[in-house]
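Please look through the structure below with the sequence beside it.

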Amino acid sequence: MDWLGRHEDRFQLGDMHDAAEALDAIFQAIHNEHIIYQSKQTDKEGDIDDQCNPRCIIHTLFACDMFDLYKCKFCGSTSDPEFIFDTMYRIYVSEVALIESKAKLDWTTVFKHIISNGPGRSCPGFSDETPCEGKTNTDRWILRLPFIFGVNLVWDSEQASSSHAKMILSLIASQPFQKIDLRDLFHLGGDTANADIRDTIYHFRGMVCYYGKHYVCFFFNILSAEWYLFDDQTIRSIGRFSA
């Protein structure tokens, strides 16, 4: 990581960043190499959002193309689509904590609540001629199903509270979290409109973690039906995640 961040003075000894930033840096480096190879301009690096055609391995596996539509609850006016192109779907732990106080947590509930209770917006059809004061509902559409649906759990502080840590671990270990159907979360459009149900179901297979200026990974081995810990040179089975 210190080599990847050498030009920006990031990820140096004693100055690490969280797991999501580390993963983004790795994605950026792989994407940049692809852009350089394509353009043959070694003095110009692409950005993670730059178009790569054919797609680099990162965008092939993780790219999740979506858009939001905002519809007024009062007059029915609908906004123009606001497109979201990203490799990770970001959720804030503080938002999950608010949901926990209102409902029993599971993966689908978290997604639906955050989408439907996002920042309130004024009527998209508001004008001097039509001064509607209604608020909007959000419809989120997914246009391309990624091979890997990555979720970034964003912590608001470097020092997570024990209650928040316990909440997230309980959510991850819960059975509903370990399988998710994107049909239950998003509207399917574009190439996904007629997707087979087998293509919209994703299983929890691994995570990258950061704690105490140290990175570790946990991934599931389908053949042995066990979880494995990857900690520097150490790779060992830890059995079932809930154990």
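A225 has a relative accessible area of 36%, so A225 counts as partly exposed. The class comes from cut-offs: buried means under 20% relative accessible area, exposed means over 50%, and partly exposed lies in between, with a 1.4 Å probe and protein chains only. A225 sits in the loop between β10 and β11. Although A225 is not a glycine, its phi is positive, at about 55°. Most residues other than glycine have a negative phi. D232 is another non-glycine residue with a positive phi, near 55°. D232 belongs to the loop between β11 and β12, and its relative accessible area of 59% makes it exposed.

The model is predicted: local features need pLDDT of at least 70, side-chain atom pairs count only at pLDDT 80 or more, and totals for chains, interfaces and linings use all residues. Residues are numbered from 1 along each chain as its sequence is written, and side-chain values use heavy atoms, with hydrogens and water left out.

The protein chain has six helices and twelve strands. Here helices (H or I, at least four residues) and strands (E, at least two) are DSSP runs, numbered from the N terminus. Of the 243 residues of the chain, 34% count as buried. Among contacts between residues at least 6 apart in sequence, 52% join residues at least 24 apart; contact means heavy atoms within 4.5 Å.

Which strands form it, and in what order? Four strands make an open sheet in the order β9-β10-β11-β12, with antiparallel pairing. Two strands pair if DSSP finds at least two bridges between them. Strands of a sheet pair through backbone hydrogen bonds, either parallel or antiparallel. At the edges stand β9 (206-210) and β12 (234-239), each with a single partner strand, so one side of each has no neighbour in the sheet. On average, neighbouring strands of this sheet are turned by 20° against each other, direction ignored. Strands β10 (residues 215-221) and β11 (residues 226-231) run antiparallel and are joined by five bridges. F218 has L229 in β11 as its bridge partner. Helix α1 (residues 19-39) lies across β9 and β10 and runs at about 115° to β9. For such angles, axes are lines fitted to C-alpha atoms, for helices over the stretch in contact, and the angles run from 0 to 180 degrees between N-to-C directions.

Another open sheet of four strands has the order β2-β1-β4-β7, and its pairing is mixed. Its edge strands are β2 (82-86) and β7 (187-188), each of which pairs on one side only. Five bridges connect β1 (residues 64-72) with β2 in the antiparallel sense. One of the residues involved is M66, whose bridge partner in β2 is I84.

Next come the aromatic side chains. A pair of aromatic rings is described by the distance of the centres and the angle of the planes. Rings of Phe, Tyr and Trp (its six-membered ring) pair if their centres lie within 6.5 Å; planes under 30 degrees apart count as stacked, over 60 as edge-to-face and the rest as tilted. The structure holds 15 aromatic pairs. In one of them, the ring centres of Y89 and F149 are 5.9 Å apart and the planes stand at 45°, so the pair is tilted. This pair links distant parts of the chain, 60 residues apart: Y89 is in strand β3 (residues 89-92), and F149 is in the loop between β4 (136-142) and β5 (151-154). Both residues, Y89 and F149, are buried. F111 and F149 also form a tilted pair, because their centres are 6.0 Å apart and their planes are at 40°. F111 lies in helix α4 (residues 107-116) and F149 in the loop between β4 and β5, so this pair ties together parts that are 38 residues apart in sequence. F111 and F149 are both buried. Y89, F111, F149, F186 and Y202 form one aromatic cluster.

The cysteines remain. How many disulfides does the structure hold? It holds zero disulfides, a disulfide being a pair of cysteine sulfur atoms within 2.5 Å. For C75, the closest cysteine sulfur is in C123, 3.5 Å away, which is too far for a bond. C75 is partly exposed at 41% relative accessibility, whereas C56, at 1%, counts as buried.
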